[in-house]
Amino acid sequence: MKRDIIVIGGGASGLAAAISVKKEGKDVLLIEREERLGGILNQCIHNGFGLEVFKEEYTGPEYADIYIEEFNQLNIDYLVNTTVIKFNKIKDEFVLYTSSLAKGIQKYNAKSIIISTGCYERTRGSIIIPGDRPTGVITAGSAQRYLNIDGYMVGKRVFILGSGDIGLIMARRMYLEGAEVLGVAELMPYSNGLTRNIVQCLNDFDIPLYLSHTVTKITSDENNRLKSIVLQKVDDRFKPIEGTQKTFEVDTLLLSIGLIPDIVLLDSLDVEYDKLTKSVKVNQALETQVEGLFVAGNALQVHDLADNVSKESERAGYNAAKYVDNPKRKHKTIKLLSGENISYISPQYIDFAWPESDVICSFRSKGKIEKGLIEVIQGENKVLSKRLMYIVPAEMETFSLKIESLNENEDIIINLEAIK
Amino acid sequence: MKKKFICIVCPRGCHITVDDDGTISGNKCIRGIDYVKTEMTSPKRIVTSTVKTIFKELPRVSVKTDKPVPKNKIMEIMKELSKVIITEPMERGSIIIENIMNTGSNIVLTRSCMK
């Protein structure tokens with residue numbers, strides 16, 4: 001069962017990647033662990049998808065469906081209810097083992113792999129809230145799945161910790177389904193979600209947003225159900241301020257405290273990790289240090305918009321197809337480094353073995369900057385200088401570089417400066 | 001009564017205030033005025049939700065209003081949606097309720113149901 005390219009994951013990323021591979025005339029198999037294609041888009045029933053790609057506003061399921069229709073029209077081969085359990089590269093070939101109820105353990109070989117496995121939610125364990133360990137403390141995305149796919153409400157009196165977009169979307173969703181949503185707390189002095197979500201999900205329903213606040217205590221009742229939480233203001237070093245405690249009687253605490261790329265599958269491969277993106281390092285073709293292994297979408301960096309996931313993954317698909325045509329490349333790489341005010345940059349490398357691939361860079365700023373100047377510097381040479389307005393960490397920014405304008409020997413540094 | 005808005009026309013997100021006498025301040029461009037005027041007079045939103053089905057494989061199916069509806073009708077629409085049960089296979093875009101609450105907007109499926 002040898003394939004040209006195998007795509008792992010059938011959400012926004014995998015669908016776009018597989019479609020793009022197939023359009024380049026290559027043989028492709030997509031593997032999805034859930035029972036249907038579409039991934040997390042299926043539970044994102046709100047609108048706001050497609051504005052970038054289709055210039056029209058769709059809901060998540062509609063956005064997924066447009067891709068699934070094209071995917072089916074192209075007759076792309078896929079497996080559902082199938083999990084990749086082991087994955088390796090032996091000589092020039094990738095070997096994959098999958099597990100499924102229908103077929104048991106199967107082995108597949110491929111010349112190239114695209115990782116489109118998305119991301120997972122940070123849980124209570126990753127921020128360590130003192131107090132009891134009752135039921136009723138749940139990630140916002142899990143609550144979203146229970147409500148929108150399975151039809152269960154997880155609670156009636158809800159508080160939300162973290163102002164990530166899923167938390168904001170769930171604040172509105174729970175409110176509309178009849179829950180009382182008492183508030184959203186955010187540790188930072190600014191929101192981590194898109195402004196339009198603050199307005200349409202919180203302000204529309206008078207749900208208060210507590211900036212510079214966090215939950216400092218969780219209390220359970222005798223049945224080990226959540227009973228109350230304590231909200232507390234924090235100082236500029238995120239230390240809770242004594243005397244600012246407020247108690248809320250709630251049965252549910254939703255956590256929307258960040259997303260982490262799901263790249264556990266890559267453990268068995270010789271990839272290089274990036275602490276900043278919490279994923280692996282790639283070059284501009286979205287190829288890792290392992291030749292022929294591509295990563296895209298939220299598995300590479302957590303995006304704000306599904307549209308950007310699709311666009312990035314399309315590039316990964318195109319490049320994987322080019323790799324299959326020409327796998328023996330002479331690599332010559334330079335680094336892209338995060339400079340002042342930059343919290344991360346993707347890709348981390350520019351590889352001159354990929355002269356045909358566009359250099360599209362995305363980054364996030366460390367703080368809020370009203371007017372900024374982004375400068376890309378290689379040695380003595382200023383490669384790019386661009387003004388940007390209203391930069392916030394919650395919104396990813398992009399720029400592109402021309403590979404011809406770069407030399408092959410010096411690393412590149414990206415600085416963001418606040419200007420007047 | 002003073003009213004405060006955050007403009008969502010562009011990423012700048014101006015904090016705009018409307019005073020008792022109707023004076024608008026805080027907007028950095030003219031689009032902010034239009035935004036606030038609509039929000040003051042007839043704010044509208046697309047409503048998205050799910051409805052029940054009789055199918056075990058797909059117990060809920062997602063729906064939306066095909067046009068924005070007045071903000072003050074949202075809760076009534078939610079109430080209507082809670083009464084709906086889908087009993088037969090239907091395609092994405094199928095109309096479930098026509099002209100809901102006289103808003104001129106239809107409730108449509110945003111995914112196909114068992115089709």
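Which side chains meet in a salt bridge of 3.3 Å, N to O? They are those of Lys28(B) and Glu370(A); a salt bridge here is a side-chain nitrogen of Lys or Arg within 4 Å of a carboxyl oxygen of Asp or Glu.

This is a predicted model, in which local features need pLDDT of at least 70 and side-chain atom pairs count only at pLDDT 80 or more, while totals for chains, interfaces and linings use all residues. Residues are numbered from 1 along each chain as its sequence is written, chains are lettered from A and ligands numbered from 1 in the order in which they are written, and side-chain values use heavy atoms, with hydrogens and water left out.

**Interface of chains A and B**

Contact (heavy atoms within 4.5 Å) involves 32 residues of chain A and 25 residues of chain B. The buried area, that is, the accessible area (1.4 Å probe) lost by two parts on being put together and summed over both, is about 2400 Å², and carbon and sulfur atoms give 52% of it. Glu62(A), Leu176(A) and Tyr390(A) supply 22% of what chain A buries against chain B, more than any other three residues.

The rule finds 6 salt bridges across this interface. On the chain A side, the elements giving two or more residues are helix 2 (60-73), helix 3 (140-150), helix 4 (165-176), helix 5 (195-202) and strand 27 (381-391). Helices (H or I, at least four residues) and strands (E, at least two) are DSSP runs, numbered from the N terminus.

**Sheet in chain B**

In chain B, 5 strands form an open sheet of mixed pairing, in the order 8-5-6-10-9; two strands pair if DSSP finds at least two bridges between them. Strand 8 (85-86) and strand 9 (95-97) of chain B stand at the edges with a single partner strand each, so one side of each has no neighbour in the sheet. Thr53(B) lies opposite Ile86(B) in strand 8 of chain B.

**Strand pairs**

| Strands | Bridges | Direction |
|---|---|---|
| strand 5 (48-53) and strand 8 of chain B | 2 bridges | parallel |
| strand 6 (82-90) and strand 7 (93-100) of chain A | 8 bridges | antiparallel |
| strand 7 and strand 8 (104-115) of chain A | 7 bridges | antiparallel |

Strands 6 and 7 of chain A form a hairpin with 2 residues between them, and Lys91(A) in the turn has a positive phi of about 55 degrees. Strands 7 and 8 of chain A form a hairpin with 3 residues between them; Ser100(A) stands opposite Gly104(A) in strand 8 of chain A.
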